[in-house]
Amino acid sequence: MHLHHTATAPVTKAVIPAAGLGTRFLPATKATPKEMLPVVDKPAIQYVVEEAAAAGLTDVLMITGRNKRALEDHFDRAHELESLLQAKGDADRLALVRASSTLATVHYARQGDPKGLGHAVLCAEAHVGDNPFAVLLGDDLIDPRDPLLARMVEVRRRFGGSVVALMPVPEDRIHLYGSAIVRQPAAGDTGSDGDVRVLSGLVEKPAPGTAPSNLAVIGRYVLDPEIFAVLHETPPGRGGEIQLTDALHTLASDKRYGPVHGVVFEGRRYDTGDRGDYLRAQVRLACEHPELGPAFTDWLRKYAAGL
């Protein structure tokens, strides 16, 4: 089996695709990137950058499209605002404003044509080079109390290759996701213990009743740089887009490449991918907010009782 010479290199780079047009959220996204829509009191993208930084990935590349100005401004210093807050003696809000600009070193690349997630990952090739890297999708917010990304980095360190995040989903919803083909472990194979599975392939949005497992791929990946060579050879799939799932299937099913492992995640995930899920994520995170949560939860109970 081919194992990349960077098999045990530390993972320090994160790629966050943020070039989507956010059409499901119009007109809110007419002049604002979807990633900048607030989830309680922070833009969605800040949760994702905080997650990367907490796992030690402090070199962040955002793949952007139009409307990228707001993203850049958010992760930059805001000197006028900081001066104003400092003059007012508002140390708490000053700390909140500065937090987003000190989380990580953030770089930007333009996707140009929105040709799918695989194409967005290819846009990171020059920045990432011959290094392993993580990809974090902004529609999936992972609770900071559940360190999924750190676990995936650890699995990559142990086994090399690439690692995907998997989540058990009901049978009637698996057709909405990529589904994992789990390799049956050989005797003495330690790659399938606990929360780790060895994958032999992935099926993107399987037809109802045909899914190989109930394990859905969610928006966290730790990738070996050999993914770039495979993506270059991956023909456009569903919707004429280059699908990352197709390239990962090639890695998992072709013995020439390093392994693909899955980490089964059963922790707290907040989906902000469509309007209904976004509203549910807002409510769940508002209820858990240390400052706003108690009063909001109390109000919500009374409000729900009156419906």
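Contact here means heavy atoms within 4.5 Å. The model is predicted: local features need pLDDT of at least 70, side-chain atom pairs count only at pLDDT 80 or more, and totals for chains, interfaces and linings use all residues. Residues are numbered from 1 along each chain as its sequence is written, and side-chain values use heavy atoms, with hydrogens and water left out.

**Figure 1. Overview of the protein.** Of the contacts with a separation of 6 or more, 76% are between residues 24 or more positions apart. The protein has 11 helices and 13 strands; these are DSSP runs numbered from the N terminus, helices being H or I of at least four residues and strands E of at least two. Its radius of gyration is 20 Å, close to the 19 Å that the globule rule gives for 307 residues, so the protein is as compact as a globular protein of that length. The radius is taken over C-alpha atoms, and the rule is 2.2 Å times the number of residues to the power 0.38. Of the 307 residues, 48% count as buried (buried is under 20% relative accessible area, exposed over 50%, partly exposed in between; 1.4 Å probe, protein chains only).

**Figure 2. The largest nonpolar core and Leu-136.** This core has 47 residues, and Leu-136 is among those with the most contacts inside it, as are Ile-16 and Val-222. A nonpolar core is a set of buried Ala, Val, Leu, Ile, Met, Phe, Trp, Tyr and Cys residues joined through side-chain atoms within 4.5 Å. Not counting residues up to four places away in sequence, Leu-136 touches residues including Ile-16, Val-48 and Leu-149. A second, separate core of 33 residues includes Leu-122 and Val-264.

**Figure 3. The loop between strand 1 and strand 2.** Glu-35 is found in this loop, between strand 1 (13-18) and strand 2 (38-39). Glu-35 is buried, with a relative accessible area of 9%. Neighbours within four places in sequence aside, its contacts include Pro-17, Ile-45 and Leu-71. Pro-27 also has its place in the loop between strand 1 and strand 2, and a cis peptide bond with omega of about 5 degrees joins Leu-26 to Pro-27.

**Figure 4. Two residues with positive phi.** Most residues other than glycine have a negative phi. Val-40, in the loop between strand 2 and strand 3 (42-43), has a positive phi of about 65 degrees. Val-40 is partly exposed, at 25% relative accessible area. Lys-205 lies in the loop between strand 10 (196-204) and strand 11 (215-223), and its phi is near 45 degrees. Lys-205 counts as partly exposed, at 37% relative accessibility.
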